[in-house]
Amino acid sequence: MNLLSTAILTTRSDNNDFDIHSVDFLVDGVPLYSATNAHHASLAGRFSSLWVAEANENKVKVLLGESPADLPDNRIGLFVCSRCGSLACGGITFRLTRSANAVRWSKFAYECDNDYTDKEFARYSSIGPFTFNFVAYREAIEGAAASFSGRGP
Ligand SMILES: [Zn+2]
């Protein structure tokens with residue numbers, strides 16, 4: 001089993017005008033934002049003060065496997081466009097598999113709108129798969145969303 005935790009991630013907007021506050025995901029203490037090189041693509045975490053509270057709450061359900069995944073194949077965005085939050089602009093994604101007591105993250109990739117290649121999987125092959133106890137996982141995900149409960153910057 002792996003352990004998921006989260007931390008506030010502060011990045012700069014594209015034009016360097018303002019700070020963007022979002023959430024980094026750490027597995028066994030290793031920050032995935034840097035492990036996946038998400039900074040090269042100016043991405044932000046899935047949960048962010050940029051979106052309204054309802055959007056963050058909807059994302060909790062997606063990450064818990066209780067709402068449909070973002071993309072076919074149960075693929076879910078972890079780090080997304082810092083301007084609009086969409087995967088159409090490209091983002092770091094993974095495949096979510098849910099069982100009764102565990103959640104598994106595997107097949108990390110960088111993709112635009114479900115357009116990914118084997119090459120992308122190869123590039124991220126050193127990351128995951130990760131398996132989390134579902135109760136601890138839910139706590140971490142809900143805690144991340146609660147960091148941005150709508151009062152925003
Ligand atoms: Zn965008």
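How many bridges join E1 to strand E2, and in which sense do the two run? Select residues 19–27 for E2 and residues 4–12 for E1. The answer is 9 bridges, with the two strands antiparallel. Keep in mind throughout that this is a predicted model.

**Stop 1: the whole protein**

Show everything as a cartoon. The protein has 4 helices and 8 strands. Walk from the N terminus and the elements come in the order β-β-β-α-β-α-β-β-β-α-β-α.

Now zoom out. The C-alpha atoms fill a box of roughly 40 × 35 × 30 Å along the principal axes. Look at the contacts between residues at least 6 apart in sequence: 53% of them join residues at least 24 apart.

**Stop 2: colour by confidence**

Colour by pLDDT. The average for the protein is 88, and 92% of the residues score at least 70. Select residues 118–123, helix H3: among the elements, this helix has the lowest mean pLDDT, 74. Then select residues 130–133, strand E8, where the mean is the highest, 98. Where pLDDT is low, the predicted coordinates should not be read in detail.

**Stop 3**

The three strands form an open sheet in the order E1-E2-E3, with antiparallel pairing. Strands of a sheet pair through backbone hydrogen bonds, either parallel or antiparallel.

For a landmark in the E1–E2 pairing, pick Leu4. Val27 in E2 stands opposite Leu4.

Next, select residues 134–146, helix H4. H4 lies across E1 and E2. The helix runs at about 25° to E1.

**Stop 4**

Is Asn16 buried or exposed? Select this residue in the loop between E1 and E2. Asn16 counts as exposed because it has 7 C-beta neighbours inside 10 Å. Its phi is positive, about 65°, although Asn16 is not a glycine.

Move on to the loop between E2 and E3 and pick Asp28. Asp28 also is not a glycine, yet has a positive phi of about 50°. With 10 C-beta neighbours inside 10 Å, Asp28 counts as exposed. Most residues other than glycine have a negative phi, and most peptide bonds are trans.

**Stop 5: the sheet of five strands**

Select strands E4 to E8. They form an open sheet in the order E4-E5-E6-E7-E8, and the pairing is antiparallel. The edge strands are E4 (43–45) and E8, each pairing on one side only. From one strand to the next, the twist averages 40°.

Bring H4 back into view. H4 packs on this sheet and touches E7 and E8. The direction of H4 makes about 90° with that of E8.

**Stop 6**

Which strand pairs with E6 over 7 bridges? Select residues 91–98 for E6 and residues 102–111 for E7. The partner is E7, in the antiparallel sense. E6 and E7 form a hairpin, with 3 residues between them.

Show the side chains of a few paired residues. Arg95 stands opposite Ser106 in E7. Thr97 has Arg104 in E7 as its bridge partner. Now follow Arg104 across to E8, where its bridge partner is Thr131. E7 and E8 are joined by 4 bridges and run antiparallel. In a regular strand the side chains alternate between the two faces of the sheet.

**Stop 7: the cis peptide**

Which two residues does a cis peptide bond join? Select Gly128 and Pro129, and check omega, which is about 0°. Pro129 is found in the loop between H3 and E8. That loop links the element with the lowest mean pLDDT, H3, to the one with the highest, E8. The tour ends here.

Conventions:
Residues are numbered from 1 along each chain as its sequence is written. This is a predicted model: local features need pLDDT of at least 70, side-chain atom pairs count only at pLDDT 80 or more; totals for chains, interfaces and linings use all residues. Two strands pair if DSSP finds at least two bridges between them. Two residues are in contact if their C-beta atoms, placed from the backbone, lie within 7 Å. Axes are lines fitted to C-alpha atoms, for helices over the stretch in contact, and angles run from 0 to 180 degrees between N-to-C directions. pLDDT is the predictor's confidence in each residue, from 0 to 100. A residue is buried if 20 or more other C-beta atoms lie within 10 Å of its own, exposed if 12 or fewer, and partly exposed in between; C-beta atoms are placed from the backbone.
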